[in-house]
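Subject: Structure handover

Hello,

Please find the structure we spoke of below. My notes on it come after.

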Amino acid sequence: MEVLTKNRSFFIVYLFFFILVGVLMLLYTKTELMQWVNAHNWPTGDLFFQYVTNLGDGAFAVIVIVVLLFRSFRAALMGVAAFLLSTLIVRVLKEVVFTGSLRPLKYFEHSEWQYRIIDGLDIHSYNSFPSGHSTTAFAVFSLLALLDERKNRGWFWALLAVVTAYSRVYLFQHFVEDIYVGSIIGTVSSVVVFLLFSRYWDRNPKDWHNRRLRF
């Protein structure tokens with residue numbers, strides 16, 4: 001597919017982590033993976049991941065969409081569609097299909113394992129699967145990679161998405177499987193939106209497509 005070839009810098013990095021994490025999930029249980037991540041912490045990481053996790057917040061997605069308005073209305077509308085589609089899928093899975101799925105804090109509540117959490121961090125207990133922050137991060141950064149004219153910069157967008165997703169496990173908010181599926185939902189949502197909108201608009205061009213906000 002042409003979109004994969006043109007954006008190989010993004011998809012090669014994503015595929016590497018996709019396969020790596022997939023293999024780890026086959027070899028180890030979600031408890032073992034969580035224990036490994038939880039054991040590998042450091043003070044700078046605590047501070048770093050508390051901030052970087054905000055890149056998967058809905059508010060950040062809205063900021064990106066607003067910024068895209070200064071590029072073109074077309075790009076901003078893609079951002080809105082990708083965010084809404086990925087969010088809708090996550091909400092249905094969280095609240096209908098996997099309702100009440102336990103997050104790490106609740107899952108290990110009666111465990112003898114002495115896990116570590118960051119003091120003062122608000123940690124949730126339910127609706128763990130899939131990770132909404134990871135979904136949003138991959139939806140946003142994969143779309144930015146698709147829209148970026150400098151295709152050799154795709155690896156940067158992919159790493160931002162991966163680090164944001166990892167922060168959710170580091171902060172004890174999600175299991176690895178939660179962020180894994182979230183990455184799929186986010187990436188697929190943006191690719192589908194990009195392809196469908198691009199093909200339709202190329203066949204039905206409008207004057208407003210390339211207009212943008214100006215100061």
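This is a predicted model: local features need pLDDT of at least 70, side-chain atom pairs count only at pLDDT 80 or more; totals for chains, interfaces and linings use all residues.

Residues are numbered from 1 along each chain as its sequence is written, and side-chain values use heavy atoms, with hydrogens and water left out.

Record annotations

The UniProt entry, which is unreviewed, gives "transmembrane region" at residues 9-28, 48-70, 75-93, 154-173 and 179-201. The same record places "domain: Phosphatidic acid phosphatase type 2/haloperoxidase" at residues 73-194. UniProt positions are given in the numbering used here, feature names are shortened, and annotations may be inferred rather than shown by experiment.

In the model, residues 73-194 are 66% helix and 0% strand, with end C-alpha atoms 14 Å apart. Helices (H or I, at least four residues) and strands (E, at least two) are DSSP runs, numbered from the N terminus. Residues 48-70 are 70% helix and 0% strand, and their end C-alpha atoms are 29 Å apart. For residues 75-93 the figures are 100% helix and 0% strand, with the ends 27 Å apart.

Helix 6

Helix 6 covers residues 73-97.

Buried residues of helix 6 include Ala75, Met78, Phe83, Val90 and Leu93. Buried means under 20% relative accessible area, exposed over 50%, and partly exposed in between (1.4 Å probe, protein chains only). The cover over the buried residues includes helix 5 (58-68), helix 8 (132-147) and helix 10 (176-203).

Leu85, also in helix 6, is partly exposed because its relative accessible area is 31%. Leaving aside neighbours within four places in sequence, Leu85 is in contact (heavy atoms within 4.5 Å) with Ser189 and Val193.

Salt bridges

How many salt bridges does a search of the whole structure find? It finds seven. A salt bridge is a side-chain nitrogen of Lys or Arg within 4 Å of a carboxyl oxygen of Asp or Glu.

One of them joins Asp202 and Arg74 at 3.2 Å, N to O. Asp202 lies in helix 10 and Arg74 in helix 6, so this pair ties together parts that are 128 residues apart in sequence. Asp202 counts as exposed, at 55% relative accessibility, whereas Arg74 counts as buried, at 18%.

Another joins Glu2 and Lys6, with the closest N and O atoms 3.1 Å apart. Both residues lie in helix 1 (residues 2-6), four residues apart, about one turn of the helix. Glu2 is exposed at 53%, and Lys6 is partly exposed at 48%.

Surface patch

Leu15, Phe16, Ile19, Leu20, Val23, Leu24, Leu26, Leu27 and Tyr28 make a nonpolar surface patch of about 890 Å². Phe16 is in helix 2 (residues 8-27). Patches are made of residues with over 30% relative accessible area and no salt bridge; like charges are joined within 9 Å, and nonpolar side chains (Val, Leu, Ile, Met, Phe, Trp, Tyr) within 5 Å. Accessible areas come from the Shrake-Rupley method with a 1.4 Å probe, and for residues, only the protein chains shown count as cover.

Regards
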